[in-house]
Each structure stands twice: as C-alpha cells, then as structure tokens.
Protein chains: 2
Amino acid sequence: MPGRFGGWGAAERSPSPGSEIFPLLRFFPCGSIFRGQHRPVLPIVRAAGAFATALVLSFAAIRVLIPFLRRRKWQQVFRGKEEVRDLADLHASKAHTPTMGGLAIWLGAALATLLWSPLRGDGIAVLAIFTAFGAIGLCDDAAKVFSRSSRGMAGRRRLLLQGMAVLALFFFLRLAAADGYRALHEPLLPLPFASIPLHLPGAVALAFSFLVLAGSANGVNLTDGLDGLAAGCSLLTAAALAAIAFFENSLGIAIPLVALAGSLLAFLWYNANPAQIFMGDTGSLAIGGLLGTAALLLRQPFFLAIAGGIFVLETLSVLLQVYYFKWTGGRRIFRMAPLHHHLELGGWPETRVTTRLWLLSALFALSALALYPWRACGV
Amino acid sequence: MPGRFGGWGAAERSPSPGSEIFPLLRFFPCGSIFRGQHRPVLPIVRAAGAFATALVLSFAAIRVLIPFLRRRKWQQVFRGKEEVRDLADLHASKAHTPTMGGLAIWLGAALATLLWSPLRGDGIAVLAIFTAFGAIGLCDDAAKVFSRSSRGMAGRRRLLLQGMAVLALFFFLRLAAADGYRALHEPLLPLPFASIPLHLPGAVALAFSFLVLAGSANGVNLTDGLDGLAAGCSLLTAAALAAIAFFENSLGIAIPLVALAGSLLAFLWYNANPAQIFMGDTGSLAIGGLLGTAALLLRQPFFLAIAGGIFVLETLSVLLQVYYFKWTGGRRIFRMAPLHHHLELGGWPETRVTTRLWLLSALFALSALALYPWRACGV
C-alpha cells in the first residue's frame, strides 16, 4: 500500500527532500540517455504533447469558428444604455464580436487530455465536470443568442444544474476513484508555516465541494467582461495549479490543466484586445469547473483561492455591491460591479484595466506557489 | 575542490537526479520545521525578498518619476510624418509620454540585488554591466531629450562604449571570479538530446561575449517600440533565466534576475497600454545587459537566444531589411522594420500586436525550459 492517498500521498513516502517536493523528477529524461539507466520519459513528454496538441487544435477550431459564428450572427447581446449608462458607450465596438469561443477551448483541451493523459478516475472526473459545466454554459449562451437578450438562463436554474453536476461527481468518485472521493473530504487548510487537513463529514464535504466549484465557475464567469481578462487570469491560475499537480505526482490532474493552458494561449491570440471572439459562458463555466475540480482533487481549494485571487476579488465585489445595496436601501460601494467595470468607469482605459489585473493575477499565482513548499512535507 | 566550475559544476557532484536538477531544494523550508532538522531557509526567502523589494522600490520610484519628468517635459521625441508616414499617425498620442522610466527599473533591481544577493564575483559582474549599460542608455536618452531629436548617440559610439564595458567585464572576471571567467570560455551548445560545451580561445570568447551582450541589449532596445512590449517580453525571459539559475544553484545570478522581474512587473503597471511612462534606452540597454551577462555566466547564451526569441526576431527583421535594401538597391522585405511596426502597418491594432508578441514570448520561454532538462546531466 503506497501511503494513505495513493497518488496524493506521494509526499509521505520518499525520504529525500528533492524527490519529496518534485516526485516527478525521477521521470525526467535526465540520466536515462546519458547514463544508460532506464527511466520512463513519459511525463514531461506527455505534458509538452498535451500543451502543443491543445494549442494547435484550439487555434484551428477558432479559425473555423469565427467566420461560422459571424455568418450566423451569434453574438453577445449587450445591455443597453438605459441599463448600464456610460459602459454602453465604452463597449459599443464589441457589439458584433461572435461569442461561444469556449467551444474551441473545450475541444482543444478535452481532445488533448484524451490523447495524452493516463485516463484514470481523477482525470475522468476533471474532464466530466469540464464538459458538464461547458454544456451548462452553452445552454446559457444559446438562450442569450436566440432570445436576443443579455439575460440568458435564470441564475437559480444555472446553480441547480451545477449542483446536480457536483452530486454526480460525488457519486462517480465514490464508485470509481476512492482516492479522489477521500480528497474531497480532506482539503488542506494552509496556516502560517503549516497546513492542516480538514476532516469534513459527508454532507459538509458535498456542500463545500459545491461552494468551490460553483464559486470558481461563477468567479471566472464574472471576470469575463473585458477583452482577454478572464482568459489571461485563467491561464496563469491553470499554470500555477499544473505546477502543484506535477509536484504532487498527480499526472491525471496535471495533464488537463496543461492542456487548458495551451488552449487558452491559442484563444488569447484571438481574444486579445480588440477581441475577435469571446469565450461566452461556454468557456468561462467550463474553465472554472476544470480549475475547481482539479483544486478539489489535489486537496488544494485554498491554493486555488489564492492563485485565482482575481476571481475571488471580482466575486466579492459583486456580493458586496448587491448586499450593501439591499442593506442600505439603494446605496452603492462600487461605481459598478464587478470590479473591472468599477475601474473602467473610474477612468482607466480598458487595456490598462486588463493588463493590470493580469499583473495582479501573476502576483497571486506567484504568492500561492511561494506558500506551497510550507505544506509539502507537513501532511 | 567542488567540481570544475564551482557554482556551475554542481550538476556533476551529487548522485540523485532530484538534487542534481534542483540543487537548491535542499535549502527549501521543507523538513526544517516539521522534522526538527536544520536547513537554512535562505534561498527561497532571498528570492521572495528580492522580488518584493524590487517591486515596491520601482513602483515608488515610478510614482515620483512620472510627475518629475512631465514637469521637465523629458519626453521621447518621435520621428515625423515625412520619415515614417502612417506610423506617425498611429503613434501621435504617445508624444507627451515621459521617457527614462528605466531609471526606476534600475534603481529597484539594483538596490534589491544589493540587499538580498550573496554578493560574490558573478553577482557583482551582473550588477556592473546592468549599471554600465544603463548609463550608456541614459546618455543616449539625454542626448535625444536635450537635442529635441529622435537620433540620440551615434550607433557606432554606443557600440564602442558597450565594447569597453565587455572588456572591463572580462578583466574583472579574470581578476576576481575565475569561475565566471571560465564560464565565458565554455558556453554550452544545445544539440538534440545533448549539450556540448564549446572551448573558445581567449579572443574568440571576448568577441562572442561582445556579440551576446551587444545583441541582447540592442535586441531589447529594438523591441521597445510599443506600449509594454519590451517590458513584458523581458519579464518572461528574466523569469525563464531565473529558473535556470536556480536549477544551476547560482544564487548570485538568480537574485538579480528575480529582482529584475519584480521591477519589470511594477514598471508594466504604468507602461501598460496606454503607457504613462516609457523605459527609454536607459531601461532597454540595462535590461538587455543584465540578461546577456546572466546568460553568459550561466554558460547558457543559446538558452537566452531561445527564451528571448522575440528579441532575436526583431533584430533579424532589422538586419534583413537593411541589407536587403542595400543589396537590391531600394526594395524592402517588411513594410517597416522592426517586426512590430510591420505588423502594425499591416492592420493589427497596437494592443493586438503587443499581446500576441507576449504570447509568442511565453511560448519561447516555455520551449527553452522544456529543452533544458536534456542538458542538465550531460555536461
């Protein structure tokens, strides 16, 4: 029996600090060629392959999608001047940009994962939530496009569907991947200089998983309001989580994250300001779902909350705005929520808001990675 | 005697592949706290400290610099319509942006290095070239500002000054840091699946070092033509080189690179499109000098050429344009050199050119890092 957690407990087994933090190092090509030893070269090759495959597939898919969507006029419908005042002028030029670019992200990352990942329980779970949340987002986008309004699916129905997906995830893991099921019940709580594994009873674990998944999916969704903003922040967060997955020897979780990073890089090529395509809810919910599931299975939901700090800030700005408005009977904290619209209405040009939030996102990702070694050996 | 290269030969000594590629791991906090063992925590703390110090100092310096430079109207002087035609219209809004922001980058990175680096020969050499090249750039910027033209110092004089700095570097290393001196003579040539150390005789090594340093400094300088472009690409290149320096256990070289990354992050906050300050030649030459010196001392000039692929492409576009023009007696390959102006005149908006070149730069940095393990154990 290799430790309590199979793939997750690798840190408990090996004695030297090097292989403890970077267990995958033993698979590096180093040595196998120059010294005649035989170590499987697979992980680094798999990662590079998944990244390149996702990049190329998503790139090709976007090139096909853009003219297809344009011809059908499947565009984001923007809120009018009577509803969002100045913002309507600032974003007038975006009215004819096609949406649902998330389809290309999904296609590239999903196929690359199928091709390059050792598909076991955890990888299948990540892929399933990625697909389910993407499908929920697709329904939402379709509702917006065909009703020609900016409303889409009712928020409550969307949360209900997400809840059903989380429930399905729970049962799937219970039946097919005991390690993953246990991981959901023992997330790590990072404290200064240490990390404590929480022990959540069944129902609490379910509620907590729902909170993490719905939070990350809707956090990415809320962040998706400026050209390139959500894609850039997701790219940085996925990269940080992928590094953790490698350190934890969880290749099944690392590969979808690396594939997502490749897809997002291709997507950003066309989503950079001025955007030629938007990801839509298809993209943002799928990305958030993938990041959330990966973090839960790595037992690192709090790591995700730090690395994806921008998503947290954007969500908090919306919650604060809504509840303060209700509480005071009509007063606002922000000029407009989410945060990026507040900054934009404060006079920052759109590109400046985007680049600065990217920089903050990079800082959040670096901070999370700098805090990681403090836990690698404690638990 | 610890190996042939002191700091550089760490890979030859230790037997396990983990500590071979990541020798600094033994300094990670891991273990020291939870198991009562005593390992110095310094390197990760030094790196985080240098990054944060450089970030904060540069940020504060830029906030002071912008109003100071604006009051004195020390601005970039742009070429007129008779010289660059359409580009003058595209960039008209940049005319009142202050330049010499490189001063803030220099200040932050240099002070952070002095504070956090174990200042031995290699670190002093990196810092000296950083300062010398920054001073050359400052003269150039001052010549432009005070003569109110876009010419600045004659190209030949600038190269001469750079050559003198390289000569001084050579003598300093010979006298004060034998490891660094040898490193200049034995750069690693990466080949598929292996890496061969070249053995350059004295004069060739001097010429090669000059080529690398002048190439990287002037490459960054040529890239510095769009808001955020040079700073973003330099940030990614510095991060990749810093990772290599950590893997090679060269803390004296890693710290200035990490500090530079922190300074550039702060600088990008104000340099993001639409830019509120430019780095000027002060910044671009200093950054290029630091990257070049670090790569030479790590024996990895070819790694720099891959990770900093954008700088290479921009330089090549200029050389091709100039020599093709001379050779054919007046025909051009590009609409305008360097590359980013060619893309801009081809109809890409400025922000799209910048973001796409950033993405390419990230791909170059990742490719270089993916190729690195193939050499870590061979030589």
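**Helix packing and core of a predicted model**

The crossing of α12(B) and α13(B) is left-handed. This holds for a predicted model.

Trainee: Which residues of α12(B) and α13(B) make the contact?

Mentor: The two helices, residues 251-271 and 280-297 of chain B, have axes that come within 10 Å. From α12(B), the contact takes in B:I253, B:P256, B:L257 and B:L260. From α13(B), the partners are B:I287, B:L290, B:A294 and B:L297.

Trainee: How many residues of that contact of α12(B) with α13(B) are nonpolar, polar and charged?

Mentor: The contact of α12(B) with α13(B) has no charged and no polar residues. Its nonpolar residues number eight.

Trainee: Is α12(B) roughly parallel or roughly antiparallel to α13(B)?

Mentor: The axes of α12(B) and α13(B) cross at roughly 155°. Angles over 145 degrees count as roughly antiparallel. The orientation of α12(B) to α13(B) is therefore roughly antiparallel.

Trainee: What is the orientation of α8(B) to α10(B)?

Mentor: Helix α8 (residues 155-176) and helix α10 (residues 202-223) of chain B have axes 10 Å apart and pack at an angle of about 130°. The crossing of α8(B) with α10(B) is right-handed. With that angle, α8(B) and α10(B) are therefore oblique.

Trainee: Which residues of α10(B) are met by α8(B), and how does the contact divide by residue type?

Mentor: On the α8(B) side are B:L159, B:Q162, B:G163, B:V166 and B:F170. They meet B:L206, B:S209, B:F210, B:L213, B:A214 and B:A217 in α10(B). By type, the residues of the contact of α8(B) with α10(B) are eight nonpolar, three polar and no charged.

Trainee: Which residues have the most contacts inside the largest nonpolar core?

Mentor: In soluble globular proteins, nonpolar side chains tend to be buried together. Here the largest nonpolar core holds 218 residues. Leaving aside residues up to four places away in sequence, A:L241 touches A:L257, A:L291, A:A294, A:A295, A:L304 and A:A307. The residues with the most contacts inside the core are A:L241 and B:L241.

Trainee: What percentage of the contacts in chain A with a separation of 6 or more comes from residues 24 or more positions apart?

Mentor: Chain A has 18 helices and two strands, and 55% of its 379 residues count as buried. For contacts with a separation of 6 or more, the share from residues 24 or more positions apart is 76%.

Trainee: Is B:V84 buried or partly exposed?

Mentor: B:V84 lies in helix α4 (residues 81-84) of chain B. Its C-alpha is 8.6 Å from that of B:M336, although 252 residues separate B:V84 and B:M336 in sequence. A residue needs 20 or more C-beta neighbours within 10 Å to be buried. Because B:V84 has 17 inside 10 Å, B:V84 counts as partly exposed.

How values were computed
Residues numbered from 1 in each chain as written. Chains lettered and ligands numbered in written order. Predicted model: local features only at pLDDT ≥ 70, side-chain atom pairs only at ≥ 80, totals over all residues. Core = buried A, V, L, I, M, F, W, Y, C linked by C-beta atoms within 7 Å. Buried ≥ 20, exposed ≤ 12 C-beta atoms within 10 Å, placed from the backbone. Contact = placed C-beta atoms within 7 Å. Helix = DSSP H or I, 4+ residues; strand = E, 2+ residues; numbered from the N terminus. Axes fitted to C-alpha atoms, helices over the stretch in contact; angles between N-to-C directions. Parallel < 35°, antiparallel > 145°, perpendicular 65-115°, else oblique. Left-handed = near helix turned anticlockwise from the far one by under 90°. Nonpolar A, V, L, I, M, F, W, Y, C, P; charged D, E, K, R; others polar.
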